[in-house]
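Student: Please pick one part of this and take me through it closely. After that, show me how it sits with the rest.

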Amino acid sequence: MRNKFLLAISTALFLAAPAYAASLPSQEVASLRRLTQEEYRNSVSDIFGPEIEVRGVFEPTIRVGGLQAASTTVLSVTPVGFESFTKMADSIAVQVSAEKYRSKLPCAPKDAKAADDGCTSQILSHYGMMLFRRPLTNDEIKSRVALARGLAEKQKDFYAGLRYGLASLLQASDFVFRKEVALPAADKKSYALDPYSRATRLSYLLWNTTPDHELLDAAQKGDLNTQAGLDKQVDRLMASPRLEVGMRAFFNDMMELDTFDTVSKDSILYPKWGSAIANSAKEETLRTMIGLTLKENGDIRDLMTTKKTYVNRNLAAIYQLPFSFTGEWVPYEFSKDSGRSGLVTQTSMLAMFSHPGRSSPTKRGVALMDILLCEPTPAPPANVDFSVVNDTSGALKTVRERLMAHAGNPTCASCHTHSDPIGLTLEGFDTIGGRRTKENGAVIDVSAAIKGDKFAGGEGLGKYLHDNPKFPACVARKLFAYGRGENSEDVSASAFKASYKAFTDSGYHLKTLIKGMASSPEFYGAPVPSVETTSPATKVATQ
Amino acid sequence: MKLDRRFLLRGTCQGALAVIGMPFLDCFLDSKGKALAATGRALPTRFGTYFYGLGLTKQLWIPKNGGKDWDMTTQLKPLEPMRSKINVWSGLRVPLDDNPNYQHWSGAAASATGISPTKQGEFDSKSIDQQIADSISHGTRFKSVAAAAAGDPKQSYSSLGGANTLPAEATPLSLYTRLFGPGFQDPSKGDWKPDPQVMIQQSVLSVVAEDRKRAMQNLSAADKVRMDQYFTSVREAELQMAAELQKPEIQAKVTIPEAPPEMVANNALPNLRKTVPLMAKLGALAMATDQTRVFNFSVSEPGSQIFVPGDTLGYHQSTHEEPIDPVLGYQPRVSTYNIDNMELFVTFLKEMDSIPEGDGTLLDHSLFFAFTDQSFAKIHAVDGLPIFTAGGASGRMKTGYHTPGDGSAVSRVGLTIQKAMGVSLETWGKGSMETKSPYTELLA
């Protein structure tokens, strides 16, 4: 086993060897991505086993171009975040070096009461390769073996030393950041990810976890740099049920379902609401998306119109369905006159983008335009005089009237005509997603017109979005940006042109899109580094 | 492996501790330890921020008179008990230069950095608390601590610059755990001894920090900054552990309470009335026991989503949708929320003032900066933000004054604060907000 890792190390040496034009750096770090909470948890579970508990808090993320994934290339680790990483690292290391875990370790020391550099090195190399998603350098192993030896000798306990060696790996920058390294391509004019970084990007996209042994082996052998080798791995990963884990993470990010973490509802007006309903609403949306796109291999546009969903007891209360079924979750099909239409009328979307005590057409409109059509509502221009919509008369009674007052003003209209119509069609649903036809005694007008298209209600909106080519294009753009950790607004449509064509040709099957992207060279490409912004192409002296 | 000096020192001590169990005082009470143990050390001056959303109602809060004899107003009334310990500014300007007026952001960011922000939700420099922490936090366990009363860790206006916000502890329990959970050395316990485990963890961090040189290679300029921040965070964890190895000194006669229960923390006003005093108390205790000298607190986000249950609009929506009452000349419901905010603020200050310390209270040995996002929220106005300081900064800041509008930029307050905190700087802020003029009349 040890030989295998020495081989791996020598491969790394080979890859880092100079093979570049004098003016360009021999390698660049194309992106440095802070692990998300799910990526961290999944990685630890896959590396050490599901029995290892991860207890701790993760730093919040932000959205860039509609995706948290894109913020992972912008954010760093603050002292608060590191404090948490260091505690989690030790807690995991304690569990892995504990008595009951020892049979799973790749070796046992000659004497459990003494240091054993050989065995320490073997264990740290084994886990280190999975944690760092590449073989460790000699220095990285040596410094940790020395740490473990010192502490093992003093405490007369091999495993006490091992614990700290492992802990040092688990909080290293190479674990908490996914460092994606690019090398000059054969044409010397562009850059592309090195094999281990390819494996990493692919694995986190499809499974939302660290690359497994087979993928790392393929990277080590250079297979991921050939189309056939890459295709083989993409097919393998896509055939696994773990693809669902990966796509759930993508959908969770794309649909902004984390918004629920901070949504509160007015407990007097909506006593039904609680965190259990929020969690159920999130799950309903994910089940619907996974069910239609992966399990049924359906047309992704149908997510806008389908009457099929999944409900549990919590949601039955919101949707006012008799909960006569047994089991936690059941598939359910809304009736034709339910007014429901796919994701847009699910509790998740309706409740997340509302106020605590009332619905908000503006919030809903802005969110849906951004999430589903990749059309963020522009910020108001500098120094807008909001006093032009100051309403002192108090004569405007409904939300629609107040919004229309904005839309009637040229300055405000530029934004409000963009997002409000979509939101107004959903006024037939209250702030927690319940259906209603009247507000304060007046019948709610749920009609809208966007650039000549006239429609009404959630079903009209669903149909409008289903037929709008911007929706599938937006999914493709977000998936590409998600996989690469980029701002979706900066992604050029030409970057995923071929896979998008395959996607449309297939009848909008998500799997075709995933396969096309994950096996395309563009997905692994990197910009040529500018000489000014890159450190001199010095080699790591000890490599 | 190259054994560095610190590792050897720690290793030796650790060995002695773990194997022989010899007294470790000789090993750890270095010159600094003795200094800490010595009596009569001056109390440190602490700093804090208090963020509240959506400002106040102009017609109801601005005193007519400046100076010390300012007339009490409807909306400042809740602050009456603290009047002699606060300062009020009413007419500060927030020139945005060529940047947009980012709604519910520009005013807050300008107050905290003296710089008109170029991006929504991001600060164009470190926030003022971090600038001050760089100067006053040496030797404390936490360089700074942020807390948010409404349950959202993102409601922190303490920033390392850009999008790198220092997350807030967002419930009383999580704040308690961070401050007084594992790692806390209770100064009132007579049997204090350094935890050998902390020393081992320090040696682990040394190994992590050794990767720095290699980790910084081949990074873009932006990623270098991010990686550098990671290693700065590693360094802070090392310093935190170093502080945990020092015998803590009692700064004030306080008892650390039991952990608070799990409780709902959100924007509902009744919940905030519970979380604000509890979290303020914990922050006060943290400063009194020198766990931290910088405590940042937020009661809501900018564009405050505070609501009274049963009110379908809530605070923020009310500011935009509630009509201005033609007789009163202002928005009555908004005005009520404004006053609720001042009541929460005084609750916070009372906790700071309730801990006796030397010849006064913790508040007297602190300086708090309270700021907000808007002056007239209905139209997202930023000129005339209601700005406060509280506490005498150990006698370096005069208190009890109202400074009426004199056309000054809001950054003058930030500069004055830093002068009072002993930060050495001559100018603060950028563009039209760059200033060299602190309010010298308020500095003692």
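Tutor: Let's take chain A, whose secondary structure comes to 22 helices and ten strands (DSSP runs numbered from the N terminus: H or I of at least four residues for helices, E of at least two for strands). Bear in mind that this is a predicted model, where local features need pLDDT of at least 70, side-chain atom pairs count only at pLDDT 80 or more, and totals for chains, interfaces and linings use all residues. Residues are numbered from 1 along each chain as its sequence is written, while chains are lettered from A and ligands numbered from 1 in the order in which they are written.

Start with the open sheet of chain A: four strands in the order β1-β2-β3-β10, with antiparallel pairing (two strands pair if DSSP finds at least two bridges between them). Strands β1 (28-34) and β10 (525-526) of chain A are at the edges with a single partner strand each, so one side of each has no neighbour in the sheet. Further in, β2 (residues 177-184) and β3 (residues 191-193) of chain A run antiparallel to each other over three bridges. In that pairing, A:A182 has A:L193 of β3(A) as its bridge partner. Helix α9 (residues 195-206) of chain A packs on this sheet, touching β2 and β3 of chain A, and its direction makes about 130° with that of β2(A) (axes are lines fitted to C-alpha atoms, for helices over the stretch in contact, and angles run from 0 to 180 degrees between N-to-C directions).

Now hop to a hairpin. Strands β8 (residues 447-450) and β9 (residues 453-456) of chain A pair antiparallel over four bridges. On β9(A), A:K454 is the bridge partner of A:A449. There are two residues between the strands, and A:K451 in this hairpin takes a positive phi near 45°.

Of the 543 residues in chain A, 51% are buried (20 or more other C-beta atoms within 10 Å of the residue's own, all placed from the backbone). Of the contacts in chain A with a separation of 6 or more, 68% join residues 24 or more positions apart (a contact puts backbone-placed C-beta atoms within 7 Å).

How far can you trust all this? Chain A averages a pLDDT of 89, with 88% of residues scoring at least 70 (pLDDT is the predictor's confidence in each residue, from 0 to 100). Residues 1-22 of chain A stay under 50, though the model gives them 24 contacts beyond four places in sequence. Residues 390-394 of chain A are also below 50, with eleven contacts beyond near neighbours in sequence.

Finally, the partner: 64 residues of chain A are in contact with 61 residues of chain B. Several helices of chain B each supply at least two residues to its side, among them α1 (5-20) and α12 (314-321). The largest share, ten residues, comes from α10(B). By class, the side of chain B that touches chain A has 28 nonpolar, 21 polar and twelve charged residues (nonpolar is Ala, Val, Leu, Ile, Met, Phe, Trp, Tyr, Cys and Pro; charged is Asp, Glu, Lys and Arg; the others, Gly among them, are polar).

Definitions and conventions: Two residues are in contact if their C-beta atoms, placed from the backbone, lie within 7 Å. A residue is buried if 20 or more other C-beta atoms lie within 10 Å of its own, exposed if 12 or fewer, and partly exposed in between; C-beta atoms are placed from the backbone.
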